[in-house]
Amino acid sequence: MSTQVPRGLAAVLEKKPDDVVITFAKRTATGRAKKGQLKDVPVDEMLYHLFKATISGAKIDPAKVDDICVGTCHPPSPLYLSRAAALAAGFPHTVPISTVNRLCSSGLMSIRNIAQSIKSGEITLGIAAGSDSMSLNARPTPEISAVVDEHPEAHDCVQPMVAEVYKVPREKQDYYALISHTRANEASTKGIFAEEIVPITVRGTTISVDDTIRPGVTAEGLAALKPAFPQWSPSTTTAGNASGVGDGAAVCVLTTRANAEKEGMEILGKYVTSAVVSVEPKVMGISPVVAVPKVLEMAGLTKEDIDVYEINEAFASQFAYCVEELGIPIEKINPNGGAIAISHPLGMTGTRQVVTGLAELKRKNKKLLVTSMCVGSGMGAAGLFVNEARHGANL
């Protein structure tokens with residue numbers, strides 16, 4: 001099996017038996033942290049419901065799954081929780097599982113890990129998921145020892161300063177935040193997200209619509225908000241121009257094209273490649289500026305070749321800088337809003353971006369998706385995917 005990345009548009013779009021393809025891509029609705037519909041639902045319970053929906057919706061024999069990887073960041077003993085959820089959902093004890101934590105890119109890393117295992121020939125069918133409950137397992141404040149903290153870059157790992165270093169004004173941050181809120185509200189109102197959300201019934205309640213998206217957000221309302229982090233000069237980040245804190249889970253089923261065709265699975269898209277990068281810790285938010293060109297260069301593509309970009313909106317300050325530095329038309333980026341509006345459950349985001357991006361490409365009958373995100377402590381990642389689903393077919 002070839003592990004070489006195809007180069008050039010024709011090669012990227014070419015279909016080969018050993019391609020790593022995605023046959024199922026769904027997410028739960030998101031819930032507002034501490035206040036929303038998933039606030040009391042721990043990660044293992046979210047995964048349990050999502051895994052059950054995956055077995056049913058993907059029409060797979062759970063015994064044929066060779067491996068599962070879950071991206072998750074902050075629940076205690078995440079491997080035990082994920083393994084238990086898989087067993088309870090119907091996967092036999094013969095199916096192994098792992099977890100991965102690279103903070104905001106964890107969901108993409110789960111896809112990457114399963115895809116690389118398929119590419120290497122070690123497995124044929126795998127499941128990649130991402131989940132976090134920011135309600136029950138909020139990000140703990142990083143604590144580093146005094147001797148480590150003496151190193152300036154080590155100190156910067158725990159205090160990003162994009163707005164200060166790159167002088168991103170509050171007005172610009174609110175401008176990009178309003179785009180996210182407006183797009184997400186319009187998409188939710190039109191029912192667009194229903195195409196990518198799999199309803200789950202939790203403790204007698206069916207959850208099928210994001211409760212994180214706020215209707216009626218205005219420029220005036222954003223401008224009136226007080227700084228959320230007054231200790232971080234210049235204190236321009238607010239609850240309205242930073243990623244929402246939320247809960248949720250997302251999943252992708254991956255296999256070879258040959259196996260998908262043999263088993264009669266619908267092919268939604270193809271995993272092409274991914275890249276991980278590292279930048280100065282104090283400006284961790286700018287990393288998509290490095291990650292996106294890297295993944296494009298790996299595949300011999302230009303930024304103009306890509307139809308949709310899903311770039312995580314951790315903070316409007318870093319998102320604004322990335323959009324303008326990359327020089328990508330905002331019309332191509334997060335066309336249905338991003339994490340500022342939808343929320344950013346850390347382990348879920350990297351998987352959700354793929355689910356959301358493929359669904360959008362299907363609606364538009366377009367081909368190429370790049371996802372990217374900054375990663376706490378000064379890293380970043382990006383992924384390249386091809387849509388193969390056509391509008392009018394079931395996702």
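Biologist: Where in the chain does P6 lie?

Modeller: P6 is found in the segment that comes before α1 (9-13), where a helix is a DSSP run of H or I with at least four residues, a strand is a run of E with at least two, and both are numbered from the N terminus. This is a predicted model, in which local features need pLDDT of at least 70 and side-chain atom pairs count only at pLDDT 80 or more, while totals for chains, interfaces and linings use all residues. Residues are numbered from 1 along each chain as its sequence is written, and side-chain values use heavy atoms, with hydrogens and water left out.

Biologist: Why is P6 called partly exposed?

Modeller: Buried means under 20% relative accessible area, exposed means over 50%, and partly exposed is in between, with a 1.4 Å probe and protein chains only. P6 has a relative accessible area of 22%, and therefore P6 counts as partly exposed.

Biologist: Which residues does P6 touch, not counting those up to four places away in sequence?

Modeller: With contact taken as heavy atoms within 4.5 Å, P6 touches A11, V12, V272, M298 and A299, once residues up to four places away in sequence are set aside. By contrast, P6 and I207 stand 40 Å apart in space, C-alpha to C-alpha, and 201 residues apart in sequence.

Biologist: How do you know that the chain agrees with a compact globule?

Modeller: The radius of gyration is taken over C-alpha atoms, and the globule rule is 2.2 Å times the number of residues to the power 0.38. For 395 residues a compact globule would have a value near 21 Å, and the chain has 20 Å, so the two agree. Along its principal axes the C-alpha trace spans about 55 × 50 × 50 Å, and buried residues make up 57% of the 395 residues.

Biologist: What makes a set of residues a nonpolar core, and which residues have the most contacts inside the largest one?

Modeller: Such a core is a set of buried Ala, Val, Leu, Ile, Met, Phe, Trp, Tyr and Cys residues joined through side-chain atoms within 4.5 Å. The largest has 44 residues, and those with the most contacts inside it are L47, F51, V65, I68, V70, F91 and I127. Helix α2 (residues 43-57) gives the most to this core, with seven residues. Another core, of 35 residues, lies apart from it and includes C73, C252, V308 and L361.

Biologist: Where is F315 found?

Modeller: F315 sits in the loop between β10 (308-311) and α12 (316-326), and its C-alpha atom is separated by 9.9 Å from that of C374, 59 residues apart along the chain.
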